[in-house]
Amino acid sequence: MPVDRLEDKVVLRHPKGATVEVLYYGATVTSWKVQGIERLFVSANASLDGSKPVRGGIPVVFPCFGAPTHRDHMKLPQHGFARSEEWSFESIVLDNDVGVSVRLTLSPTARIASKFERNFKLAYVVTLAEHQLSTDLHVYNPSESSHDLEFQALFHNYIRAPASSVRIKPLQNLGYYDKTQQTDEGKALRRIESRAEVDVNIFTDSVYENSPGDYQVSWSGGEIDIRTKSLDNVVVWNPQEGGKKIADMEENGWERFVCVEPGYVRGFVKVSPGEKWIGQQTLTIKT
Ligand code: TA6
C-alpha cells in the first residue's frame, strides 16, 4: 500500500523505496527515508504521543514564529498552535510512479478559538518522490466578515547531518537578525552575513531577510537542497551546548542536526476573506 493510514500517523511509500511518516499531531513529518537512510533528526527523547510539540522532524510553525508579536496572536504559545493540534486526514492527492501525496487539514476547534479568534482553514500537502520531499502549506481565510488573516508560517526542518561539518549557502550579503545577541533594547542584533558558507560551529539562531529561496545544505558525505516558494526568510538554528537545557533533546543531540527553516517570519502574510496563500518547500537529496 503506498499510503498506510495508521491510528496516529500516515505512512507514504514510494515505489522506488523512499518513505515518509506524518503524525496527525501537528502534521509533523517525523521520518523521511531515502535508500534506507533516515534524513531527518528526531530526538530520542521527543514526545510522539501528542503531549508536546515534537523535538525534531518538520514541525509546522503557524500563525506566529517565536513569541507572539501580533495583536491577534497574543494568547498563543511560541511558534503558534499548528504544531500541537491534531490534524485530519483529508485525501490521497497523488499515487503514481512519480509521487505519493496526501493532504491533511486543520480548522478552528473550541480550544484553538479560545486563543485565536480568526477564522482559517489550513491544508498541508506532503508529497514523496524518489529523492524528494515536498511540503505545501495552504492557508485559507474563509471569514465572512472583513477580517484579514494575518500570520507567519515556517517549516522547522531538523535535517539529520553532522553539525560540525554542515555548510549552508547562499546567504552571503543578506541582512539577518542574530537572536543569540541582543541590543540594549533587548532585540535581536541585526547583522550582514559575510560568510560565503554559513556553519553552525557555535550557537546559531539567525533569521535571514529577503533570502533567495533556494539553499544548499551540505556536509562531509551529504547534501540536501531546499527550494521554496513564497517564503521570504530562512532561519538557521543549532543550540550547540545550550541544547542541554532543552528537556526533550537527546544527549548531545545538537551534534546530529542543523535546522534550516524556510518561512515567512519578518512581518505578516495578510490574506483577505475568500483568499488563500500557499508556502512551499521541496527538499532534494543530492548525495
Ligand atoms: O527556529 C529557531 C527557534 O525559534 C529558536 O529560537 C529555538 O528556540 C528553536 O526555534 C526551538 O524552539 P522550540 O519552541 O521548538 O523549543
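Visitor: Which residues surround the ligand?
Guide: The ligand is surrounded by Pro53, Gly66, Gln78, His79, His156, Lys179, Asp205, Val235, Trp237 and Glu261. A residue is near a molecule if its C-beta atom, placed from the backbone, lies within 6 Å of it. This is a predicted model: local features need pLDDT of at least 70, side-chain atom pairs count only at pLDDT 80 or more, and totals for chains, interfaces and linings use all residues. Residues are numbered from 1 along each chain as its sequence is written.

Visitor: How many of the shell residues are nonpolar, polar and charged?
Guide: Three are nonpolar, four polar and three charged. Ala, Val, Leu, Ile, Met, Phe, Trp, Tyr, Cys and Pro count as nonpolar, Asp, Glu, Lys and Arg as charged, and the others, Gly among them, as polar.

Visitor: Which residues does the UniProt "binding site" annotation cover?
Guide: The unreviewed UniProt entry gives Arg55, Gln78 and Arg83. They spread over 29 residues of sequence but cluster in space, with a largest C-alpha distance of 13.7 Å. UniProt positions are in the numbering used here, feature names are shortened, and annotations may be inferred rather than shown by experiment.

Visitor: Arg55, then. Is that buried or exposed?
Guide: Arg55 is buried, because 22 other C-beta atoms lie within 10 Å. The cut-offs are 20 or more for buried, 12 or fewer for exposed, and partly exposed in between, counting other C-beta atoms, placed from the backbone, within 10 Å of the residue's own.

Visitor: And Gln78, buried or exposed?
Guide: Gln78 counts as exposed, because it has 12 C-beta neighbours inside 10 Å.

Visitor: What is Gln78 in contact with?
Guide: Gly66 and Ala67, leaving aside neighbours within four places in sequence. Contact means C-beta atoms, placed from the backbone, within 7 Å.

Terms used
Contact = placed C-beta atoms within 7 Å.
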